[in-house]
Amino acid sequence: MSVSGIAVALLQVALTIAVAPVLVGLMRKIRARLEGRIGPPISQPWRDLRKLLGKQRLVSANTGWVFSLAPLVLIASAALVAAIVPFLSTRSALDQVGDLFAVVYLLLLGTVFLSLAGLDAGTAFGGMGASRAMTITAIAEPTVLVAIFALSVSSGSSNLGAIVSSTLANPSTAASPQSLLAFAALAVVTIAETGRLPVDNPSAHLELTMIHEAMILEYSGPDLALLELAAHLRLVVFLGLLANLFVPWGIATTVQPLHLLGAAAAVLVKITVLAAIIAVVEVFIAKLRLFRVPELLAASFVLAFLAVTVSFFLA
Amino acid sequence: MQAGLVALSGVCVALALAPTVLAEPLERATTVVSGIADGAPITTDGVYLQLSGIQAGLSPLLLATGLAVMMIAALAVVRRSRVRRTTRGIPAWGCGRTVQTARMEYTATSFAEPLQRVFDDVLHPEIDVDVDHHTESRHYVQAIRYRLHTRDAFEHRLYLPLLAVARRWGDGARRIQNGSIHRYLAYSLFTLIIVLLVSR
Amino acid sequence: MTWFTSLDRVIETTPAGLRDRFVELLTNGHRLALVAAHHDPPIDGAVGVGTIRVVYVMVAGPPDTRLELHVRLPTDEAMLPSLAGVSFSAGRFEREMQDLFGIRLVGHHQPGRLVLHQHWPDGWYPMRHDAGPQPDFRDETQSYPFITVEGPGVYEIPVGPVHAGIIEPGHFRFSVVGETILNVKARLWFVHKGIERLFQGRSPDGGVELAERISGDTAVGHSLAYCLAIERATGTVPPPAAQLLRAMLLELERLYNHVTDLGAMGNDVGFGIAHAHTMRIRERLLRLNNEITGHRLLRGGVYPGGARATWLPQASTLAAIHDDIHDVVEFMMANATVVDRFTGTAVLSTDDAAQIGTLGYVARASGISTDARREHAFADLYQNLTVPLLTGGDVMSRFEIRVAEIDASIALLTEFLPNAQMGEHRTPLDPVVGPGHGVGLVEGWRGTIAHRVEIGSDGRLTRVKIVDPSFFNWPALPVALAGDTIVPDFPLANKSFNQSYAGNDL
């Protein structure tokens, strides 16, 4: 674990935190313009965070320690994943610390804590959100595992650096059937786990329909700021993971500052393109009925399963 | 009961942070069985774990440390100033109604209900909703009762049929072996005759 | 006391004879449109506390038929035999009278409070003429007696009166297991303003500004119903040009509200783009409204004896709006998810819709053909009216019926335009020569609005009873929800009904 490697990891965290709210702002802007509205400025999510951070903490009287801990766990797990995932360089110091499985379960840790926090206050809405989130997670997780398995099989490793390097070494694998299938499966899961349409409506605040918003209903002020930032971070991390696992070009294989700068530009472009695609698609789709979501996730599981099957046959 | 839960979760946390303590016993176990052992499955230097045969590494200890560091950093940012360190207790949000009762608390049945709906083809829950209303108009509801019963699918589809088969076998066996010495002698005689016939 | 107008037939009856008379009228095809209680002070010089008079307005049509059943009760012993068993809506009117007038109900199945929340003190009835100043509220010691659904794992979701969106206040109590709705109860009357009492003592001309504000989105519907009632009470006949303008304003109001609802239903399934576009069309319509009456919500267009318009739209403008709306509708119906969310959600069966006594698009989407423009036309204008009818009863039907009504409205407007004249058209009210009363019935955009006014011998309003169709339709929402609807579909179902809180709470 070199000093430069640690520096790269910290740089990744800083970059992700700086970019995430802006990216969300951009997505909202794109959606607004396509709907014929002007929409809030792109920097609005940052302004919201600053506003929330300046407020007093309000804690519901019948909550316990989980309620206070959850925002910290959520932001810490998202930030740690941002440090591990090779956004800038394949020579990240943390590459041997956590593999793809660890990354996925760190993100799941956040989801679980969010659900626990939703249940903690004991109110109807929090529990409802937690129950919905856990239902979706329970059906999405198998897809994630199987898709990762497909990726690991074709590159002979579950370490992110190794998967990325292997794709860089054999560019044709990026367009292989198993890779495309796994990408599709993980894309669906990303949509579900980050609460985008058609699974959850990020712009809805109706008490009874929401998933993510229902779980964080009791939060306000700085705690809410952490949760919002964590949600933004998770979106960027998921998109970055998708981008660099399947289209790794542009990533630095060294830790030289100039290469890192180029890699940062490349990953930003990739994430922005993905985010823009999501924002555009969201304009034209509606939210699924809650009990149609499992059907969507089941389809993604089939895709992931096919990816594994194909990777064994074509290996 | 809680002591058991605490102990079990303690073991889980310990294993999660230091899985290397199990690496050596596992290795010894696999070398005993011939045909499975393929060198050491896990190489470790105490901090990092490395699977042999496939390029995959992990360091649970560093992951946990990283998580803790990030949490402390987040806490430091959030509680920078004195105002933000103060906490005010408020009642839980009740949509403008101050009175909240235990009836409004989320329930375990409800938590599981969406998943149960998703897998209702497997679980076959039996749901009854009885509505009592006034005889003159069904729009004057007097009482509503809800009942849910989910039968354990494994118990009903697997264990009970297996047990039934085993019981039928046992019943058959009991009829054959009823403890009569004459019957056993007869079995011996028939067996002997069959053996003689076959070996001739 | 004698009532000089003979437009509406009055049948005096006794508490004992009420039920038979009522059932007879129901079986003859009449519908209960309005129940109004009155607390009459003792006639000049007499001593006592006066009498309570309950008026049941029964209507049928076409041809436009209106009958009134009058029952008198002594104030100290105001006991009224309940009709709740034969008419669900009568039961609700009775509870309203019980809260506001202190009429005791005999034989009601659910005689709990309706209008006044639990913090109002017992034994004080705000609509009695001798009610006096309002006493102090008490703490909400006992909450409303919601039905407790028995069974393990059932919990209650309290939603409102403060909501996440910008909507009016109402409290919904869901009894739920997971996502399955077992029972819903809507507790309304958070915006009870005492608006009926505010009318009392005003001049007939001065009441219209209040009528426009009964429910903000129904300014024309309520002011027209009020004006028709006043005109009936005073025997005023407005000029035909005014009646034509009134009919046009009524359709313009229907248009902008229905368009808004179409997009709002899209928004509730996460289809924001439809909402954005209907809001654009709504804005265009509101600006038209502003040109026509000087107010975006069409206030100031209708008044007793007449109507006015300062500008009139081109037929081509209406055609363009029609096409614009249909573009958005087509775009929504091309989306499979939107269609899936709408179809089969929150079904209100024809039988339930009839028993509850629903009105307006809620009724017409559930197979009940009701339209006051046909049954109680206020002018000879509606020969070419089409009343759409669907039988599905689900959210999709309530969506499609609105689209069909938009078409019908634009067709009517296009038909009326060539004959319409700008400017003021007014017949001054006749000076009142004695007490009078009248009923106004109007097909507002939500359904049939009923107003009943009484004017004293001094020419001042002594009583105005207002019935918004929401009063009839609100109980249908919980009925449509119980059954297959899941919790996250509630906002959509509620939006598809889109009942007025202000018009209901009064």
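Analyst: On a 1 Å grid over the protein atoms alone, a cavity is a set of points where a 1.4 Å probe fits but cannot get out. This predicted model holds twelve of them with 30 Å³ or more. As a predicted model, it needs pLDDT of at least 70 for local features and 80 or more for side-chain atom pairs, while totals for chains, interfaces and linings use all residues. Residues count from 1 along each chain as written, chains are lettered from A and ligands numbered from 1 in written order, and side-chain values use heavy atoms, without hydrogens and water.

User: What volume does the largest cavity have?

Analyst: About 150 Å³, taken as the space filled by probe spheres set on the points, which are joined across faces, edges and corners.

User: How do the lining residues divide into nonpolar, polar and charged?

Analyst: Twelve are nonpolar, one is polar and two are charged. Ala, Val, Leu, Ile, Met, Phe, Trp, Tyr, Cys and Pro count as nonpolar, Asp, Glu, Lys and Arg as charged, and the others as polar.

User: What makes S9 and S10 of chain C a pair?

Analyst: Pairing takes at least two DSSP bridges, and S9(C) (171-177) and S10(C) share seven, antiparallel, so they count as a pair.

User: Why do S8 and S10 of chain C stand at the edges?

Analyst: The open sheet runs S8-S9-S10; S8 (155-159) and S10 (180-187) of chain C each have a single partner strand, so one side of each lacks a neighbour in the sheet.

Key
1 Å grid on protein atoms, 1.4 Å probe; cavity = no way out; pocket = protein on both sides within 12 Å on 5 of 7 lines; lining within 4 Å. Helix = DSSP H or I, 4+ residues; strand = E, 2+ residues; numbered from the N terminus.
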